[in-house]
Amino acid sequence: MNMIKPERLNQGDTVGVIAPASPPDLKNLDKGISFLESLGLKVKLGAHVNKKHGYLAGNDQQRLEDFHHMFQDPEITAIFCAGGGYGTGRIVADIDYSSIKENPKIFWGYSDITCLHTAIRQETGLVTFHGPMLCSDVGKEDFDAESEKMFHQLFEPEVIHYNENLSPLEVIGEGEASGEVVGGNLSLLVNTMGTPYEIDTKGKLLFLEDVGEEPYRLDSFFNQLKLAGKLEDAAGIILGDFSGTETEKTKETLSLSQVYEDYFSHLNKPVLAGFKIGHCLPHYSIPFGTDAVLSSHRKSLMIQPGVD
């Protein structure tokens with residue numbers, strides 16, 4: 001699949017906001033929209049953003065309709081997800097991927113949006129962006145300036161250079177490798193195993209993150225990827241933020257570092273942990289699908305721009 005980079009944003013552009021998963025907190029969403037407007041953008045809401053259908057932001061057809069409309073609307077230059085939660089896996093099989101390929105544009109989100117990142121990239125080649133969402137992140141009081149700055153990569157192509165100036169990095173596997181960055185939320189990636197939207201990691205730099213999962217749960221997820229050959233296929237592995245791993249079910253546990261050691265230390269490829277990418281602050285946003293270099297020697301990740 002040939003890589004497609006979306007066009008960069010310009011001040012005055014109109015961007016769309018959708019809720020493809022759980023219902024957003026509308027008060028926080030308003031703050032997130034104000035942030036986009038502060039960047040010089042005009043904002044258009046999906047018709048069903050404020051809908052509720054149990055734990056979903058509207059029924060499947062409504063959420064799918066908003067998704068399609070934003071890609072097909074020529075006025076819209078980028079699409080931002082209001083939040084995650086649950087629900088994108090329910091619509092992924094009904095997406096018109098040809099429409100996305102014909103109308104490539106910036107698509108931004110993370111967490112439950114992982115399912116859409118993987119499917120869009122593998123079906124169309126479109127580069128998408130793993131970054132904080134309007135309701136669940138941007139609209140909260142503690143959203144920070146470092147995370148805000150990462151939106152600038154949408155206006156001007158820039159190489160993302162992540163090293164220990166941003167956060168301490170732990171080397172688990174030695175080496176240097178290049179490849180496209182793919183991945184996202186670990187539990188969501190595991191949920192797609194055995195489906196047409198299972199992630200392809202062959203020759204890729206696999207990024208993984210999660211939140212609120214105890215070490216034994218992360219162990220089971222890593223084991224699933226191992227047994228499926230996904231860890232062996234990857235050229236290198238980028239471990240993001242795994243907050244909230246404190247054990248509650250049992251006093252007997254392995255540490256997260258021990259789990260990392262068991263699954264990643266013997267792969268004979270670069271594996272680095274400690275990237276502040278995921279359910280954390282600051283949250284450093286990155287493009288999926290562009291070329292990157294991961295180096296244990298330099299303790300760095302360098303990712304090519306995601307926009308033209």
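Let's begin inside the model, which is a predicted one. The residues that line its largest cavity divide into five nonpolar, two polar and two charged. You can find them in the structure above: Ile 18, Ala 19, Pro 20, His 48, Val 49, Ala 57, Gln 62, Arg 63 and Asp 66. Helix H2, residues 60-72, gives the largest share of this lining, with three residues.

How much space lies in the largest cavity? The answer is about 30 Å³. The structure holds one cavity of 30 Å³ or more. If you wonder how such spaces are found, rolling a probe the size of a water molecule over the atoms shows where empty space is left.

## The whole chain

Now step back and look at the chain as a whole. It contains ten helices and 14 strands. Along its principal axes, the C-alpha trace spans about 50 × 40 × 40 Å.

A compact globule of 308 residues would have a radius of gyration near 19 Å, and the chain has 18 Å, so the two agree. Of the 308 residues, 58% count as buried.

Strand S1 (residues 14-18) pairs with S3 in the parallel sense, over four bridges.

## A mostly covered helix

Is helix H4 mostly covered or mostly uncovered? H4 runs over residues 114-124 and is mostly covered, as nine of its eleven residues are buried. The buried residues include Leu 116, Ala 119 and Ile 120, and also Thr 114, His 117 and Arg 121.

Just after H4 comes Gly 125, which takes a positive phi of about 90°.

Some backbone angles deserve a second look. Most residues other than glycine have a negative phi, and most peptide bonds are trans.

Where is the cis peptide bond with an omega of about -10°? This bond joins Leu 281 and Pro 282. Pro 282 sits in the loop between strand S11 (271-273) and strand S12 (286-288).

Asn 268 has a positive phi near 60°, in a residue other than glycine. This asparagine is in the loop between helix H10 (256-264) and S11. Asn 268 counts as exposed because its relative accessibility is 76%, and the cut-off for exposed is over 50%. Lys 299 has a positive phi too, near 50°, and lies in the loop between strand S13 (291-295) and strand S14 (300-303). With a relative accessibility of 26%, Lys 299 counts as partly exposed.

How values were computed:
Residues numbered from 1 in each chain as written. Predicted model: local features only at pLDDT ≥ 70, side-chain atom pairs only at ≥ 80, totals over all residues. Heavy atoms only, no water. Pairing = 2+ DSSP bridges. Helix = DSSP H or I, 4+ residues; strand = E, 2+ residues; numbered from the N terminus. 1 Å grid on protein atoms, 1.4 Å probe; cavity = no way out; pocket = protein on both sides within 12 Å on 5 of 7 lines; lining within 4 Å. Points joined across faces, edges and corners; volume = space filled by probe spheres on them. Nonpolar A, V, L, I, M, F, W, Y, C, P; charged D, E, K, R; others polar. Rg over C-alpha atoms; globule rule 2.2 N^0.38 Å. Buried < 20%, exposed > 50% of the residue type's maximum accessible area, 1.4 Å probe, protein only.
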